[in-house]
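Here is a short note for a colleague. Please read it beside the model.

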Amino acid sequence: MLQKIKYHPFFIRLLNWEFWPIYISNIPVFFFWLIHAIRARDMFFFTTVNPAIATGGFFGEEKHKIYRLIPREYLPKTLFIPATCARGDIADRIRAAGMSYPLVCKPDIGERGMHVKVIDTPHALTQHAQKMSGGIIIQEYIDYPLELSVMCHRYPYSGRMGVTSICKKAFLTVTGDGQNTLAHLIDKNPRAILQKNTLAKRMDLQQVPDAGETVLLEGIGNHCRGTQFLNANDWITPGLETAILKVLSQMPGVYYGRFDLRTSSIDDLNAGRAFLIMEFNGVGSEPAHIYDPAYPVVNAYKDVWRHWRILYEISREQKAHGIASIHWRDGLESLRTYFLYKKKANLTYGL
């Protein structure tokens, strides 16, 4: 009975808060927003924090516009494909841009790893792109071994700045024993069990890995796709802060957010070398270290509260210097448009 509970998806989600549905886990966050909105007398106060990004990066922002703000030296080769571009022409655009496979294909507007895929051939790229609505981002795959999410901020006028969260990502894998199938190995891994239906659509789960062979099940570093998020806040050092805040300070009109990056090693990142940025997420991003399975849920919500306080304080500085938030009517219309887009995208294609 205990084994059935341990490996049943319902109990895995129930007993591990990191897997709670977003509409449950975000209940306290709603009140964090409400308290600060009342203090600011502005329901969209957070949109002043990153005026260079639509809604401050809370929802509906276009990735290709954010990439323009990041210094080119920190980006892999990246190509924006407009929604109006014929999908059959994308492979030609890739060749003209001098990009090589593998490539990462993702929607220009998206979140939580929605519809992100690593592509190995022009044919696979065309097939995937034909299923996608809206603009597309094509990015060269970064093969650095260490993937991190680094949360940072800078106050626009008081000069305060810092790195407040580092999350190390451990990709979803199983280790073969030379006897059991992938399906059996997945059934003995609670994290992998939650991804089994998705994995079955793109892998042969009846294959038997060799003894000691590590099989990568998911190469996209998103929590909702099985990647384990680990608290790496002890890696916050003056050298790392200098490297990350150097990038943030070169992004005009951006004061708060999270870099998703890959680096050859933590030592190289501390030295400000050998790292590339895959994405920057604005005010809607979370300090991802809180999803570490060993991190207490009370501490997680304390950290989220701290970050909402930083948002409020930056917003207050901005408003004191004449930076206005978006009107509530415009904010609600943007939110409605975004939800319609998400619904259309989800109906058009799956992971």
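The points below cover a sheet, a loop residue and a helix pair.

1. This is a predicted model: local features need pLDDT of at least 70, side-chain atom pairs count only at pLDDT 80 or more, and totals for chains, interfaces and linings use all residues. Residues are numbered from 1 along each chain as its sequence is written, and side-chain values use heavy atoms, with hydrogens and water left out.

2. The open sheet has 4 strands, ordered E1-E4-E2-E3, with antiparallel pairing (pairing takes at least two DSSP bridges; strands are DSSP E runs of at least two residues, helices H or I runs of at least four, numbered from the N terminus). E1 (78-81) and E3 (117-119) are the edge strands, each with a single partner, so one side of each lacks a neighbour in the sheet. Twist averages 25° from one strand to the next.

3. E2 (residues 103-107) pairs with E3 over 3 bridges. Leu-103 sits opposite Ile-119 in E3.

4. Where is Met-132 placed? Met-132 lies in the loop between H7 and E4. Met-132 is buried, at 5% relative accessibility (buried is under 20%, exposed over 50%, partly exposed in between, with a 1.4 Å probe and protein chains only). Its C-alpha is 9.0 Å from that of Lys-106, 26 residues away in sequence.

5. H4 (residues 27-40) packs on H13 (residues 297-320) at about 25°, axes 10 Å apart (axes are lines fitted to C-alpha atoms, for helices over the stretch in contact; angles run from 0 to 180 degrees between N-to-C directions). Contact means heavy atoms within 4.5 Å. Residues of H4 that meet H13 include Phe-32 and Trp-33.
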